[in-house]
Amino acid sequence: AGAASAATAPNKKPAMDQNPAFKAMGLPRLRLPSRNWLIFLSITGSIAGAITYDRWQTRRVKQKWCDLVSHLAEEPLSSHHMPRRLTIYLAAPPADGLRSAREHFTNYIKPILVAGGMDWDVVEGRREGDVRFKTAERVRRKRKRGGEGEVLSEEEREKAFVVDMLREKAGTTEYPGVAGDLVIGRHAWKEYLRGLHEGWLGPPDAPPKLEETGVVDELDSAAHRPGQASLGDAAVKGAVNVIEANTPGSAQSEDHPSDVSDAQKEEEEEKPKPRHPPPYILPSAYASAQLSPSTPETIGPSAPIRFPHILGIRNTPIRVYRFLNRRYLADAVGRDVAAAVLASSYRPYTHVAQKDEDSAPGVERTVPEQTQVLAHEEKEWWKTVREPRKEHEESVWIEEVVLDERLAARMRKFELSGEDEVRARRIA
């Protein structure tokens, strides 16, 4: 029986002998990995290859735009002229911190500025409204420097413009050409526009408080502003006050007015204060405001820089796709930054077509181009941005863009000229 079972058993193939040369060197027998190892190595190898390829292409794209502007750094500069200086408007994206915006600037914008030998000032905003206030302050400072507003004494003038006066005494002047602004992201663009209008249309000095003068803008009191309390909220508060006044406890509070005043003072102290003073002029007053006589014929030029920023676990596939395709973002941002650094061509902002949601499907209306710049980024903002604001917070991001035609017609936008386009293709 044992011989029969041995005869019926399949014959095993003899193991192949190892290569004598490999065996002499002490190398193990080479064989294919198992099925599970093949799956693991193929997945990890594909991901690593995609990341490596994207980084390599991103470096190539950055180097292309750096090479396009590198000749500017070799041009001689007079010792009596300051280098050309761009202004960078940078703000923390909605529902996130300033670090991501700084990394975006460092990775995609700063290398091109350095390659072109540019100098720059950075206007940063950590909270909503910071860029708006700082932009308006820069404009108001220019107007005061030109003689507008309250007359300052010689001592106050030296204190306010000490750097400018030192440069004048040394014979140092600003760069004779155009400067330019780089605005990073839709949220910073909205505040940038609001700050320009507030600076050039509003008063150069802080107006008196509305509580002191008793002046109330009827248009703004009647219209509800997004993110702010409405008239219904005020009516509810008034009804609550009436009910509290008719309760028995109110009579006791009348007997001790000092206790009530102390409680009110404590509430006022605990109440958070706004980060900045209120705007000197509201959007509803743009049309009736007088334009500053020192307004330049050309404002900017400016270059809106895209800043894609999306949050949420549900958007993980989109974030992974963008992480593996950063070369396209580097190319788009590099083109806009190179156009601003070269400053060889800029054009007025025009009008673009926009779908009218209130009309029939397919009907479009014409709106200023500034209102639609980077408008697609608003769809990716985190949902908490659209929640009602507190009393001490601003709501520039969720409000509609309001433009004054006098200022909108003076704004210019950087763009690459035809010659620069040909040079960029030749470098690539």
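User: Contact means heavy atoms within 4.5 Å. Leaving aside neighbours within four places in sequence, which residues is L407 in contact with?

Analyst: A friendly caution comes with this predicted model: local features need pLDDT of at least 70 and side-chain atom pairs count only at pLDDT 80 or more, while totals for chains, interfaces and linings use all residues. Residues are numbered from 1 along each chain as its sequence is written, and side-chain values use heavy atoms, without hydrogens or water. With sequence neighbours within four places set aside, the partners of L407 are L196, H197, W200, L201, L291, T295 and I299.

User: Is L407 buried or exposed?

Analyst: L407 is found in helix α16, residues 405-408. Helices here are DSSP runs of H or I with at least four residues, strands are runs of E with at least two, and both are numbered from the N terminus. The cut-offs on relative accessible area are under 20% for buried, over 50% for exposed and partly exposed in between, with a 1.4 Å probe and protein chains only. The relative accessible area of L407 is 2%, so this residue is buried.

User: How far apart in space are L407 and H197, C-alpha to C-alpha?

Analyst: H197 is among the contacts of L407. The pair is 210 residues apart in sequence. In space, their C-alpha to C-alpha distance is 7.4 Å.

User: Zooming out, what share of the contacts with a separation of 6 or more comes from residues 24 or more positions apart?

Analyst: The protein chain has 17 helices and eight strands. Of its 428 residues, 32% are buried. Among contacts with a separation of 6 or more, the share from residues 24 or more positions apart is 81%.

User: Which residues touch the most other members of the largest nonpolar core?

Analyst: In soluble globular proteins, nonpolar side chains tend to be buried together. A nonpolar core is a set of buried Ala, Val, Leu, Ile, Met, Phe, Trp, Tyr and Cys residues joined through side-chain atoms within 4.5 Å. In the largest one, with 36 residues, those touching the most other members are I109, L113, L182, V337 and V341.

User: Which element gives the most residues to the core that holds V341?

Analyst: Two or more residues each come from α3, β1 (85-91), α4 (98-115), β3 (181-184), β4 (299-305) and α15 (326-342). The element giving the most, with nine residues, is α15.

User: Leaving aside its neighbours within four places in sequence, what is V341 in contact with?

Analyst: V341 is one of the residues that touch the most other members of the largest core. With those sequence neighbours set aside, the contacts of V341 are V69, L72, R84, L86, I112, L113, G116 and M118.

User: How many residues are in the second, separate core?

Analyst: A91, Y192, L374 and M411 are included in this second core. Its residue count is 23.

User: Are α3 and α15 roughly parallel or roughly antiparallel?

Analyst: Axes are lines fitted to C-alpha atoms, for helices over the stretch in contact, and angles between N-to-C directions run from 0 to 180 degrees. Under 35 degrees counts as roughly parallel, over 145 as roughly antiparallel, 65 to 115 as roughly perpendicular and the rest as oblique. The two helices pack with axes 9 Å apart at about 10 degrees. They are therefore roughly parallel.

User: Which residues of α4 make the contact with α15?

Analyst: The axes of α4 and α15 are 9 Å apart and meet at about 40 degrees, which makes α4 oblique to α15. On the α15 side, the contact uses R326, L329, A330, V333, G334, V337, A338 and V341. From α4 come H104, Y108, I109, I112 and L113.

User: And which residues of α17 make the contact with α3?

Analyst: α3 and α17 (residues 418-427) pack at about 130 degrees with axes 9 Å apart, so α3 is oblique to α17. K64, W65, D67 and L68 are the α3 contributors. Those from α17 are D420, R423, A424 and I427.

User: What is the relative accessible area of K64?

Analyst: K64 lies in helix α3, where K64 is also part of the contact with α15. Beyond neighbours within four places in sequence, K64 is in contact with D331, A424, I427 and A428. K64 counts as buried because its relative accessible area is 15%.

User: Is R59 buried or exposed?

Analyst: R59 lies in helix α3, residues 35-69. R59 and A330 are 271 residues apart in sequence and 8.8 Å apart in space, C-alpha to C-alpha. Because its relative accessibility is 53%, R59 counts as exposed.
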